[in-house]
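Take a look at the protein below.

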Amino acid sequence: MKILKNIGMAAISMTLMLTTLTSCKDSGFLDINYNPNYPSSASAKYLVAAAEASTVSVMGLYAPLTGDMWCQYTTQGNSTNQYNTVCSYATTTATSYPPVTPLWQNGYANTLEDLKLAIADAESKGEWNWWLMAKVLTAYNFMMLTDSYGDIPFTEALDASNANPKFDDSKTVVYPGIIAILDEAIAKESEAVASNAKSPVSNYDCFLGGDMSKWVAFAKSLKLKAYLKDYAANASQISALLAAGGLLEEDCAWTAWEDATNKSNPLYEMNIRQLNTTENIRACQTFFDYMLMNNDPRIVYIYEPTTAAKQVYTTEAEWIAHLADCYEALPYGAEKIPNTTAAPIASTSRFRQRIDDPVYLMNEAECELMIAEAYARAGNVDQAKAYYEKAVEAGFNRWGLDATDFINGVYAFDESNMLKSIGMQYWITYAGANSYDGWLTRNRLGIPELQPDIMVRANNQELERGFSEGYNPGSLVDPTASTLNAGEYPTRLLYPTATTFYNASAEAYVQQNGNSQIKKLWWQK
């Protein structure tokens, strides 16, 4: 394994907590006389900021690495093997890739504990701006936990006197509890706005700039996301939510990065700055060939030109004009390729990573697509189409591109199969954003479909891109080397040893219910 050093979850989390917060200008963390390890009091201001950072430490590193590969935007390079276990679905109960251990440990031991203290402190002082933010972040983190694992500790999760918190049913206990938390936050908007006028959050908030109306909008969109897990059961609530309006229609993202060690985007920091190779994460044929088939210029912003292409073309405009010549991809799971020879590593495209890549909790296109999906399920074709087109525009605007020709062309809304159009755009627009949500959404909708026992291309020689017989472009495929059977796909994370070893309730739960990564959760198609 070509690696300089292995960065653990705790190290990344602490590094982010102590350093990247300085990127939120004038936050107080630039004061060299202030030691965030030993605050004079557990102030909500610092606890919420720390919770934002610890959320990013997972959602900016372990989560996108997994989402990018399980959505088949990227694959492991065939000259290195750093992330082969992700591509081959070789998940263990102690792994970081996918984030079996980091998501669980960071969520329960760091983020949610900080938020619990922040809520108590803010409530005691009437600081409803900090209280509202802490509530929404609590709901977000619990949602990511239950969507990743299924049943989780919830009602007893943050009771320090209980070493063995029980596992609550995700559908009947956890999700209603999350929605109740969001409702509490939304109901406090006026008090939060008033508190913010007296003592602004401003630059302590690296996601939404301390704007309480935006935090409420984010809370409403999280509610919609929760309700869409079971549209039939929540149709009236969704209708009321849409009628009330005020949902988020912009990015909720951390953008406060600096070009300095431990202050850049976490995945960039680990995979580019601190490894001894940059060859690991490559373009994957599954997504790349679909985008190339549609002549989608976003290829230029998601992948890098090949080494040879960079010697001929030097500008983004030239790369867009010569997509087929400048970019190349590997099959998914490129370490072992049957009956063919893969293109050499220098002839394929790296996944494009930047120091200042945002870490998204929700992206604008996703927000619009959720609204479009809600209207589509309600049978409102006109509104579904309108929000679908807003989503496509947002997906192109992210990179400064115009979507008009695509909305009227290859990505035109199919009124006869609205959910297919929406599902494919979810898949497309999660690339380069919160791709972990892309994996979760794919499992909820079953879009893109998974075609077993087939490869994307008939031939994997360089620049020979003919699709294999029977392959439907835009479908996921089995990895070339998989620990699962043909047609099997990860639907959840395993419960980590970090909980089953120490929590008797967790051990009993796993013994009774099993711990399979292909066991579908209650909301999955």
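## Two cis peptide bonds

P98 sits in the loop between α4 (84-87) and α5 (100-125). Helices (H or I, at least four residues) and strands (E, at least two) are DSSP runs, numbered from the N terminus. The bond joining Y97 and P98 is a cis peptide bond, with omega about 0 degrees.

A cis bond also runs from I447 to P448, where omega is near 0 degrees. P448 is placed in the loop between α21 (435-445) and β5 (450-451).

## About the model

This model is predicted: local features need pLDDT of at least 70, side-chain atom pairs count only at pLDDT 80 or more, and totals for chains, interfaces and linings use all residues. Residues are numbered from 1 along each chain as its sequence is written, and side-chain values use heavy atoms, with hydrogens and water left out.

## The whole chain

The chain has 23 helices and six strands. Of its 525 residues, 59% count as buried. Buried means under 20% relative accessible area, exposed means over 50%, and partly exposed lies in between (1.4 Å probe, protein chains only).

Take the contacts (heavy atoms within 4.5 Å) between residues at least 6 apart in sequence. Of these, 74% join residues at least 24 apart.

## Positive phi values

Q72 is not a glycine, yet its phi is positive, near 65 degrees. Q72 lies in the loop between α3 (62-70) and β1 (74-76). Is Q72 buried or exposed? Q72 is buried, with a relative accessible area of 0%.

N262 is another non-glycine residue with a positive phi, about 65 degrees. Its place is the loop between β2 (252-254) and α11. N262 is partly exposed, at 25% relative accessible area.

## Salt bridges

How many salt bridges does the structure hold? There are 25. A salt bridge is a side-chain nitrogen of Lys or Arg within 4 Å of a carboxyl oxygen of Asp or Glu.

One of them joins E269 and R273, with the closest N and O atoms 2.9 Å apart. Both residues lie in helix α11 (residues 266-273), four residues apart, which is about one turn of the helix. E269 is buried at 3% relative accessible area, while R273 is partly exposed at 28%.

R354 pairs with D357 in a salt bridge, their closest N and O atoms 3.4 Å apart. R354 is partly exposed, at 21% relative accessibility. D357 counts as buried, at 16%.

E368 and K390 also meet in a salt bridge (4.0 Å, N to O). E368 belongs to helix α17 (residues 364-377) and K390 to helix α18 (residues 381-397), so the pair ties together parts that are 22 residues apart in sequence. E368 is buried, with 2% relative accessible area. K390 is partly exposed, with 33%. Elsewhere, a network of salt bridges links E279, R282, E304, K310 and R350.

## Two helices in contact

The axes of helix α6 (residues 128-149) and helix α8 (residues 189-198) come within 7 Å and cross at roughly 130 degrees. Axes are lines fitted to C-alpha atoms, for helices over the stretch in contact, and angles run from 0 to 180 degrees between N-to-C directions.

On the α6 side, W128, N129 and L132 make the contact; on the α8 side, E189, E191, A192, S195 and N196 do.
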